[in-house]
Amino acid sequence: MNYHWNWGIFWDASPEGGGTYADMLVSGLRITLAVSVLAWVIALGMGSAVGVLRSLPNPWLRRLANTYIELLRNVPLLVQLFLWYFVLPEVVPEAWGDWLKSLRDAPFYTAVIGLGLFMSARVAVQIATGIAALPRGQMAAGLALGFTLPQTYRYVILPNAFRVVLPPLTSETINTIKNSSVALTIGLAELTARARAIQEFSFQVFEAFTAATLIYLAINTIATVLMRLLERRMRVPGYGAK
Amino acid sequence: MRIFSRLALLSLALVVPGIAQAQSGGTLQKIKETGTVAIGYRESSAPFSYLDDHQKPVGYAMDICMKVVEAVKAELKLPNLKVELTAVTSSNRIPLMANGTIDLECGSTTNNVDRQKQVAFTNTHFLTASIFVAKKSAGVHKIADLKGKTVVSTAGSTNIGQLNKANAEQNLGINIVPGKDHAEGLLMVETGRAAAFVMDDVIVAGLVAAAKDPAVFAVGDEAFSKPEPYAIMLRKDDPSFKALVDATTARVYKTEGEALYAKWFTKPIPPKGIVMNLPLSAAMKKALQNPSDNADPASYGN
């Protein structure tokens, strides 16, 4: 290897102006975190709703939920982001399309919604599986006690189901953070995009990607630890492994 | 904590051989031992280095590199010198050069002071300025006309840096959108997503020439930068190889530089017979007659 290492590169001024290369990474990290958190909120919200629909007795609602899940789960995230970003503005009425195209920070909103919906299909499957894993008697007991179906879900089924699926949801949280890097393809200046920009400007490719790797490792480790704490607090005695 | 100490070890393992081998035998020695010179080309950097209709790398920079290959052949007395061609991208050209997969990168890489801390460049073969292209109907001519509009440039390029700087210095309030590649930049102007695309003039010329209707686009009258030098890239700290490459390119530019330039920038080029339509400028003519590996744009002034 004939490579000139320069770990001090992060303290050099970036040619973009207004800061050092380290500042570029920090700005990328901010965007990665913002996209991940907002996308995860959408994923949990939509995923829970669709997961519940999939477990309901009504066959039409189940089919609706299954269609949603299969559509979003079977198309690669990269393709979905391209569809939202490039194709959607061309198929809606022209005035809306023009508004979408001139929207400031369009890559950011597209990434949040696109990633959120993609992850929501995965969350929906987890939630539906969690509900299906509960003993059938819980539903029957709830209804027998005089709860309506929504009340049975709210007070009996969902509190149990969410606890059962917390461990797989930890993986989905981390997947959301990692998948946010795909948004660089629609021009979002998130962490991976910033690492690429640093290597493009300075040619210090290994330093740039080592830094990005360590940052991803750190935020995902923190996310895992927080989720583990939550899992421990929420665990139902006698449920699950351990 | 164990994982972190392992990571520290791993990064140390990466650093130490880098230091140890920085001084070992040069590229000429390597070429002599392997009987092969390894050239990195770009798949779509027309007209510098790209694939023609037979999937063969061709272009202005490829022609120059082949002259260097001839010179290496003569210098090392290796009539059967093999040429190994490897496609490179802007993301992998540095690792591939550092680990010896390629000896020369023949494309459209900008020579600047920051990059010279990592690699070396031979004499400049092209000068490009950062300009903007918009739809003719939009009526934007000066940089100030872009005030408050959405403007795209390629993510990670030097151009987007210059756009950011102009935006801040002249207080233009431009909404700067990074595009993932050059083609997307022009696409965004074509579809109305951006008012203008900021890029190297030669890349704009190539994209516009290949567009469905080149007549809808117009290039602005003002540039974001002085013309920056493009050069063939080689490994740093390899004086014998650099001397040979520099001497060869200097001779080629002085004797047949203008003919090579005309072949790729003013005449139809493969695969589709597109004409770049970029006549030789005064600064470019001077750069060919006075070969230089200077990274400072000011040194090439008219």
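Is Val68(B) buried or exposed, and at what relative accessibility? At 1% relative accessibility, Val68(B) counts as buried; here buried means under 20% relative accessible area, exposed means over 50%, and partly exposed covers what is in between, with a 1.4 Å probe and protein chains only.

Residues are numbered from 1 along each chain as its sequence is written, chains are lettered from A and ligands numbered from 1 in the order in which they are written, and side-chain values use heavy atoms, leaving out hydrogens and water.

The predictor gives the complex an ipTM of 0.77 and a pTM of 0.83. For chain B the average pLDDT (the predictor's confidence in each residue, from 0 to 100) is 89, and 91% of the residues score at least 70. Residues 16–23 of chain B, however, have a pLDDT below 50, and beyond near neighbours in sequence this stretch has eight contacts in the model. A contact means heavy atoms within 4.5 Å. Where pLDDT is low, the predicted coordinates should not be read in detail.

Let us start with chain A. Its secondary structure comes to nine helices and zero strands, where helices (H or I, at least four residues) and strands (E, at least two) are DSSP runs numbered from the N terminus. Along the principal axes, the C-alpha atoms of chain A fill a box of roughly 70 × 55 × 30 Å. Of the 242 residues in chain A, 47% are buried. Among the contacts in chain A with a separation of 6 or more, 73% are between residues 24 or more positions apart.

Chain B is divided into domain 1 (25–128 + 228–300) and domain 2 (130–219), with bounds that come from an automatic or database domain assignment. The C-alpha centres of these two domains of chain B lie 27 Å apart. Their contact takes 12 residues from domain 1 of chain B and 11 residues from domain 2 of chain B.

Now for the interior. A nonpolar core is a set of buried Ala, Val, Leu, Ile, Met, Phe, Trp, Tyr and Cys residues joined through side-chain atoms within 4.5 Å. The largest one has 94 residues, and those with the most contacts inside it include Tyr60(B), Leu104(B) and Phe126(B). This core draws at least three residues from each of domain 1 and domain 2 of chain B. Apart from it lies another core, of 18 residues, among them Ile9(A), Met24(A), Ala195(A) and Ala212(A). In soluble globular proteins, nonpolar side chains tend to be buried together.

Back to Val68(B), which has its place in helix H3 (residues 60–76) of chain B. Not counting residues up to four places away in sequence, Val68(B) touches Leu104(B), Val245(B), Thr248(B) and Thr249(B). The C-alpha atoms of Val68(B) and Thr249(B) are separated by 7.1 Å, although the two are 181 residues apart along the chain. Leaving aside its neighbours within four places in sequence, Leu104(B) is in contact with residues including Cys65(B), Met97(B), Ile232(B) and Phe241(B).

Over all chains, the structure holds 21 aromatic pairs; rings of Phe, Tyr and Trp (its six-membered ring) pair if their centres lie within 6.5 Å, and planes under 30 degrees apart count as stacked, over 60 as edge-to-face and the rest as tilted. Trp5(A) and Phe206(A) form a stacked pair, 5.7 Å centre to centre with 25° between the planes. Trp5(A) lies in the segment before helix H1 (21–55) of chain A and Phe206(A) in helix H9 (residues 205–234) of chain A, so this pair ties together parts that are 201 residues apart in sequence. Trp5(A) counts as buried at 18% relative accessibility, whereas Phe206(A), at 25%, counts as partly exposed.

Finally, Arg193(B) lies over the face of Tyr85(A), at 3.9 Å from the ring centre. A charge sits over a ring if NZ of Lys or CZ of Arg is within 6 Å of the ring centre and within 35 degrees of the ring normal.

Notes: This is a predicted model: local features need pLDDT of at least 70, side-chain atom pairs count only at pLDDT 80 or more; totals for chains, interfaces and linings use all residues.
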